[in-house]
Structures are given as C-alpha cells and as structure tokens.
Amino acid sequence: MTKHNASNERIKRQYFVFLKEAKRQSEPTIDAAAKALDRFETYTKYRDFRAFHTDAAVAFKKDLAEQKAHKTEKELSKATLLATLTQLRRFFEWLSERPGYKSRFRYSDAQYFNLSENDRHIAQARREQRFPTLEQVKHAINSIPAMTAIERRNQAVIAFALLTGARDSAIASAKLKHVDLNTNSFNQDAREVRTKFRKSFTTFFFPVGDEVRQIVAEWVSSLREIELWGNDDPLFPATRVLVGASRQFEASGLQRSHWSNASPIRLIFREAFANAGLPYFNPHSLRNTLVQLGEKLCTSPEQFKAWSQNLGHEKALTTFLSYGQVASQRQGEIIRDLAAPQKPVQSDLREIADELLRTVRESLVDTKVQQTGTLT
C-alpha cells in the first residue's frame, strides 16, 4: 500500500521551509504541522493535494472526531482536534496561493477545517493549572538523600528551579559562571543558556527560604572548591554511565558535560515528588508557585513588576494572564471573605489596580497597531 505521494512530499518540504525561515516557527511547531498533514494524508490514502475538495475536509473532521488516542483509548480531545485542524487550515491557505494549486481550489476552501463554535470554545476553555505549594516543593527537596554526588545534584536542581523560576532547558544548559552567589543572581545569557525566545535577562533569587539557597550554594561551592571545576563547566552535570561488574550499564558519578536536553530534569522531579508521597509536578509548575507567592508578598505595582521581570516577562500583564489564575480553593476563600464588612481599599491596592488597567490599555493599543499598522 502506498505510504507517500512524491508530489505531496515536495510541496510539504517547501511548506516546512516556509514555516522555519519565513514564519520563524520552532521545530516542535513544524513537527505538529507534519503530524497533522500525515493524519490527513493517511485518511485520503495519500491522494494528491491538487485533488483537495471541501468534502474531504468535512469527512476528515468527522473521522478525526471518532478516532481514539493510542494511550488512553478514549476519543481525541477537543484541544487535539483544534490543533490538528488549525495546522491543516493554515497549510491549505498557504497552498492555495502556490503555482499549480491556486487554480484547483480557493483560499476560502481551507475554512472547512474549522471546528464548530461550541467545540472551539470547549477546546480553548481555560483549565485550572496544577502546581505545588511552596511547602510541597520544600518537602520534595528534603526527601532526596544527600549522600552521593548524584543525589546532591538532584536536590540542588529542584532547589535551583524554586530559587530562580528558571525553565528546565535553561537549567540544563547553565554554566557555573552564570550563577553569582555574591549578588544572589542567575544570569540567563541567551548566547549560552537555552532561554525561551532566546531572551537574555538576570534573575535574582526569589525569597523562598534561606535553606533553599543554602542547598544551591553548597552545591556550587563543592563543584568549584572540591571538584575544582571552572566557569565554563556545567552547573548541573550529566550522570556518568559505565558498564558495571554485572555487565549492566550503571550510574557512576558525574561527568563534566551538560545534559543534551531537559528530560533528565523532569525525571528528577518525577522521582522526588513520588518519593515524597506527592503527585508529580513538572519543573514549569514551580513558576506558578512563585507567581502565587508574589501575589501574596508584593504590595505595590513596582514590586510586582520586578517580580514579573524576574520570571523573564517583559510585561506584568503576561504574569497575570499566563500564571495568575486564582485557584478554586482560594477563590472560595476570597468570595466568603467579601461577605464580611470591608475595610477601605488601601492606596497601594488602588495603585496596583490602576497599573493593571493601564497595562491592559497599552497592550490593546499595541495589538491594534500590529494588526492595522496605524494608530487611530
């Protein structure tokens, strides 16, 4: 049975180059587009894209909605449907303007890949984000023994993630020179540290407890003073794996090189929370923990702006919208408290509200300028 169409493969290759070079899309986004196209081609039995008709889009949507996920054997989620169909719509919109294709179907034909309004709302519904409390993270850190170099590294990894709110890819690529214990800071230099959107910024240690900072400080000191490592050596080195006496691969200390990716960090988190008797929380969830802490500690717009910048956000509104959702339990507490007699609103709270409103207005203006190219 045919597993590919040569003509389709050529035009897909052009599209992937377009996504990478013109749209500046990341590799995961391009992989998502390739996966969506593979699903559609499998359904059409690799029919030439030139033969595309809106009937095929409608039939594919129905078939996709009935497919089962491989792991759960349940129907695909609305979010998966939306992501897949969005990739296909964008591809056929692009394809409709290419020579040899634009005479076969119209740009508007790609709109048949859209979900219904109801399904789109379900797919885009905001779910409450799960993240650990500060106490749970500290419990997970303390549950790791600190007898071997590997255990001390693992303990320091989670402590550093809490102390800085850094993303796992940044932690995996950090070097010793990027951490300054005198200024309590982590220089996320995008030339060497894998930051999001390759932005460079400095993070100062969040006030999460002296015991957390002490774990990181002792780890850095041990690498510099005992192992005699230098500035360009990894902050968190990979595990050395050797063939042991049992002729099986075994962990044997640390090697002087970085992890190739962030997967080992996620494994460290998984094992630490499991050993602590807690559900798994990924490294990124600690950023939510820090935002919640900031909402409690910050009492002025300037303080929350600094807290937001410390997470790498250019605008405080990003912190509010992406991480600032109030948990259901806390939501209930706030509503119940509002039933009690209220004290006059403090001036600093008014300032925060005014600053947020001003930021929202500026964001809306920026969006309008980007969309229209003019300010009216």
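**View 1. Strands S1 and S2 pair in the antiparallel sense through 2 bridges.** S1 covers residues 179-180 and S2 covers residues 185-188. Strands are DSSP runs (E, at least two residues) numbered from the N terminus, and two of them pair if DSSP finds at least two bridges between them. The model is predicted: local features need pLDDT of at least 70, side-chain atom pairs count only at pLDDT 80 or more, and totals for chains, interfaces and linings use all residues. Residues are numbered from 1 along each chain as its sequence is written, and side-chain values use heavy atoms, with hydrogens and water left out. Val179 has Phe186 of S2 as its bridge partner. The two strands form a hairpin with 4 residues between them. In the turn, Asn184 has a positive phi of about 55°.

**View 2. S2 also pairs with strand S3 (residues 201-204), antiparallel, over 4 bridges.** Phe201 in S3 is the bridge partner of Gln188, and Phe204 in S3 stands opposite Ser185.

**View 3. The open sheet has 3 strands in the order S1-S2-S3, with antiparallel pairing.** S1 and S3 are at the edges and have a single partner strand each, so one side of each lacks a neighbour in the sheet.

**View 4. Helix H1 (residues 6-22) crosses helix H4 (residues 78-95) at roughly 105°, and their axes come within 11 Å.** Helices are DSSP runs (H or I, at least four residues). Axes are lines fitted to C-alpha atoms over the stretch in contact, and angles run from 0 to 180 degrees between N-to-C directions. H1 and H4 are therefore roughly perpendicular to each other (65 to 115 degrees; under 35 is roughly parallel, over 145 roughly antiparallel, the rest oblique). Ile11, Gln14, Tyr15 and Phe18 of H1 make the contact with Gln87, Arg90, Phe91, Trp94 and Leu95 of H4 (heavy atoms within 4.5 Å). By class, this contact has 6 nonpolar, 2 polar and 1 charged residues (nonpolar: Ala, Val, Leu, Ile, Met, Phe, Trp, Tyr, Cys and Pro; charged: Asp, Glu, Lys and Arg; polar: the others, Gly among them).

**View 5. Tyr15 and Phe16 form a tilted aromatic pair.** Their ring centres are 6.2 Å apart, with 50° between the planes. Rings of Phe, Tyr and Trp (its six-membered ring) pair if their centres lie within 6.5 Å; planes under 30 degrees apart count as stacked, over 60 as edge-to-face and the rest as tilted. The count by this rule is 24 aromatic pairs. Tyr15 is buried, at 2% relative accessibility, whereas Phe16 is partly exposed at 22% (buried: under 20% relative accessible area; exposed: over 50%; partly exposed: in between; 1.4 Å probe, protein chains only).
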